[in-house]
Amino acid sequence: MKKSLVEALSGLKHLPNRTPEMAFGDDASEAFAEVAPYRDGAVYVSYYSGSSEWERHPNGDEVVMVLDGTTTIVLLTNAKEERFTLAQHELIVIPVGVWHRFEGSARLKVMTITPQPTEHSIEMPSA
């Protein structure tokens, strides 16, 4: 089924101050949209500035591609944080089961291919 990222992004409202706590409420729903189902998850787009909670996907890798803006992806591997700065048209593949978060995002328009389920944590996970 054909889907337009431009159309999906045009329907989003910029979320100017994303915080990790927003993952557990409905305050941010206008900044996120599902574009299309994919395997056991979906292709998503979002538009925000700020930082996210920690999350991981136990059933598959996640692809994160920056469409516009900038962000830093923080991966938690071997109890250490690894930071990867991404700008427009750059992507990262986050391995299955690795805790990660978005940090310091600036007017970030991002597309993710995200397997489900997704586990979330506000505090830094221990593993």
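Is S121 buried or exposed? I looked it up and found 17% relative accessibility, so S121 counts as buried. Buried means under 20% relative accessible area, exposed over 50%, partly exposed in between (1.4 Å probe, protein chains only).

**Ground rules.** I am reading a predicted model, where local features need pLDDT of at least 70, side-chain atom pairs count only at pLDDT 80 or more, and totals for chains, interfaces and linings use all residues. Residues are numbered from 1 along each chain as its sequence is written, and side-chain values use heavy atoms, with hydrogens and water left out.

**S121.** I placed S121 in strand β9, residues 119-121. Strands (E, at least two residues) are DSSP runs, numbered from the N terminus. Leaving aside neighbours within four places in sequence, I found S121 in contact with E53, W54 and W99. Contact means heavy atoms within 4.5 Å.

**E53 and R18.** I then followed E53. Its side chain meets that of R18 in a salt bridge (3.3 Å, N to O). The pair links distant parts of the chain: E53 sits in the loop between β3 (41-50) and β4 (54-56), and R18 in strand β1 (residues 15-18), 35 residues apart. Both E53 and R18 are buried. A salt bridge is a side-chain nitrogen of Lys or Arg within 4 Å of a carboxyl oxygen of Asp or Glu.

I noted 6 in the structure. R83 pairs with E81, the closest N and O atoms being 2.8 Å apart. At 45% relative accessibility, R83 counts as partly exposed. E103 and R101 also form a salt bridge (2.8 Å, N to O). Salt bridges that share partners join E81, R83, R101 and E103 into one network.

Terms used. Helix = DSSP H or I, 4+ residues; strand = E, 2+ residues; numbered from the N terminus.
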